[in-house]
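Work through these exercises with the sequence and the model side by side. Try each task before you read its solution.

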Amino acid sequence: MKERFSTLFSIGLMIALVLSTWWASEYAQKAVQIDPPPRLTHERDNWSEKFVVLRTDLNGMVIHRLEGDLMVHYPDDLSYEITTPRGFGLRRDNPLTVATAKKATIYDDGNRIVMEGDAVLLRLADPKRQALNFISQQITMLVKEDITYTDLPAIAVSGRSRMNGIGMRYNNNTQQLDVLKSTDVDIVAKDSRDRSTPVESKKKP
């Protein structure tokens, strides 16, 4: 009888010990954050100088090249800020373009690039069309779509023709320039017969 009581007492003691250990562990985990979540602030975590970034299509062909003097990464919004950016649109079937500005910010895994400060998109001339300059204080480039737009005042210049407007959108796939609101248009007769004229499509509210 004594041996049976001793066995039951030992089993009960072990059960009590296991329960008390489990309770202590649960309490400690709730009371103290063992691995607190990282605190994300808009502070750079890495950077690169004199960099070059290439974007390719599904066939491995380079469709866009981006370079600059300094690139800084911010972990809170996964953005990159670039000093003196230079972007090159290199799609084989589209006109070549060059974009410059004082600075730029990259979003959406590199698909959306916001160029700021004397931002210029230049569509280079070729045998079929004249060069086109798209100028504003801020332009946004959608790399995959090969589209550039702004909601701010902008100037489009092609040959001797010039157009001022507020809100412009240039599609490099179709070479079409849409203007939300034009304020001043100066079209030279020769340029108006050229399909590369900046006044290819106007939209007025």
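**Exercise 1.** Sort the residues of strand S4 by face: which are covered and which uncovered?

*Solution.* Find residues 86-89, which form S4. Strands here are DSSP runs (E, at least two residues), numbered from the N terminus. In a regular strand the side chains alternate between the two faces of the sheet. Gly87 and Gly89 make the covered face. Arg86 and Phe88 make the uncovered one.

A note on the source: this is a predicted model, where local features need pLDDT of at least 70, side-chain atom pairs count only at pLDDT 80 or more, and totals for chains, interfaces and linings use all residues. Residues are numbered from 1 along each chain as its sequence is written, and side-chain values use heavy atoms, leaving out hydrogens and water.

**Exercise 2.** Find what pairs with S4.

*Solution.* Two strands pair if DSSP finds at least two bridges between them. Start with S2: four bridges join S2 to S4, and the two run antiparallel. Here Leu66 stands opposite Gly87. Next take S5, residues 97-100. S5 also pairs with S4 in the antiparallel sense, over four bridges. Arg86 faces Thr100 in this pair.

**Exercise 3.** List the contacts of Ile113.

*Solution.* Contact means heavy atoms within 4.5 Å. Skip residues up to four places away in sequence. Ile113 then touches His64, Leu66, Ala104, Thr105, Ile106, Ile139, Thr140, Met141 and Val143.

How values were computed: Buried < 20%, exposed > 50% of the residue type's maximum accessible area, 1.4 Å probe, protein only.
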